[in-house]
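Subject: Structure handover

Hello,

Here is the structure we spoke about, followed by notes on what was found in it. Please read them with the model open.

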Amino acid sequence: MLASNTTVPPRFVSYLRVSTDKQGRSGLGIEAQRHAVATYLRQVNHGAQVLEEFVEVESGRKQDRPQLRKARERCELTGATLLIARLDRLSRNARFLLELQESGVPFKACDTPHADNFTVGIMALVAQKEAEAISERTRLALQAAKARGVRLGNPEGATHLKGRGNGEAVQAIKAKADAKAARLRGQLQVIKQ
């Protein structure tokens with residue numbers, strides 16, 4: 001029997017992230033990332049396909065991101081490569097990016113498709129430095145505005161939320177706390193013994 005010369009087309013799991021609900025609702029940030037992924041897939045061609053797309057509306061500073069976790073699990077299960085539009089959509093935290101790199105889940109950033117482990121490491125440090133610079137510029141701008149007498153924050157306080165409720169947010173916080181308690185319960189039982 002002759003060996004087949006067919007190659008398996010590349011398989012990807014895409015992960016798209018925006019930082020705020022407003023960005024998530026507008027779809028602009030997500031759509032731009034989808035466009036970058038589609039453009040990358042056209043360039044890769046060879047029958048490349050996205051097995052699944054995961055979308056998250058969460059700050060890049062947060063380490064616990066359920067959709068990213070699911071995307072990574074899907075990659076591990078299928079042998080697919082995690083595909084992101086831009087490296088900073090994963091995180092601007094160097095440790096976070098380097099831990100992902102060490103996890104063994106292969107990933108590609110559409111904005112730097114030829115980056116290797118060395119390049120990603122350097123880019124992770126640059127992204128973290130940029131995050132620190134953004135934070136410092138924001139702090140200085142707010143400080144300058146306050147010195148000019150600008151009243152910071154919403155002048156109406158939380159009254160704009162009146163009648164809207166925050167039940168979903170409270171439920172999400174409770175569910176997260178319950179899940180953490182459940183995880184710790186087993187460890188506490190071991191310690192008690």
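Two strands count as paired here if DSSP finds at least two bridges between them. Strand β1 (residues 11-18) and strand β2 (residues 49-57) run parallel and are joined by 8 bridges. Please keep in mind that this is a predicted model.

**The strands**

Is β1 buried or exposed? Of its 8 residues, 7 are buried, so the strand is largely enclosed by the rest of the structure.

**Salt bridges**

The count of salt bridges comes to 5. One of them links the side chains of Glu31 and Arg34, at 2.6 Å from N to O. Both residues belong to helix α2 (residues 28-44) and sit 3 residues apart, about one turn of the helix. Glu31 counts as partly exposed, at 44% relative accessibility, and Arg34 is partly exposed too, with a relative accessible area of 31%.

Arg34 also meets Glu53 in a salt bridge, at 2.7 Å from N to O. Glu53 lies in strand β2 and Arg34 in helix α2, so this pair ties together parts that are 19 residues apart in sequence. Glu53 is partly exposed, with a relative accessible area of 35%.

A further salt bridge joins the side chains of Arg74 and Glu52, at 2.9 Å from N to O. Arg74 is in helix α3 and Glu52 in strand β2, so the pair ties together parts that are 22 residues apart in sequence. Through shared partners, salt bridges join Glu31, Arg34 and Glu53 into one network.

**Helix α4**

Which residues of helix α4 (residues 94-102) are buried? They are Ala94, Phe96, Leu97, Leu100 and Gln101. These residues cover an arc of only 165 degrees around the axis, which puts them on the same side of α4. They pack against α3 (66-78), β3, β4 (107-109) and α5. Just after α4, Gly104 takes a positive phi of about 90 degrees.

**A surface patch**

Phe118, Ile122 and Val126 make a nonpolar surface patch of about 320 Å². Val126 is found in helix α5 (residues 117-147). Val126 counts as exposed, because its relative accessibility is 52% and the cut-off for exposed is over 50%.

Regards

Conventions: Residues are numbered from 1 along each chain as its sequence is written. This is a predicted model: local features need pLDDT of at least 70, side-chain atom pairs count only at pLDDT 80 or more; totals for chains, interfaces and linings use all residues. Side-chain values use heavy atoms; hydrogens and water are left out. Buried means under 20% relative accessible area, exposed over 50%, partly exposed in between (1.4 Å probe, protein chains only). Helices (H or I, at least four residues) and strands (E, at least two) are DSSP runs, numbered from the N terminus. Patches are made of residues with over 30% relative accessible area and no salt bridge: like charges are joined within 9 Å, nonpolar side chains (Val, Leu, Ile, Met, Phe, Trp, Tyr) within 5 Å. Accessible areas come from the Shrake-Rupley method with a 1.4 Å probe; for residues, only the protein chains shown count as cover. A salt bridge is a side-chain nitrogen of Lys or Arg within 4 Å of a carboxyl oxygen of Asp or Glu. The arc is that of the directions from the helix axis to the C-beta atoms. Contact means heavy atoms within 4.5 Å.
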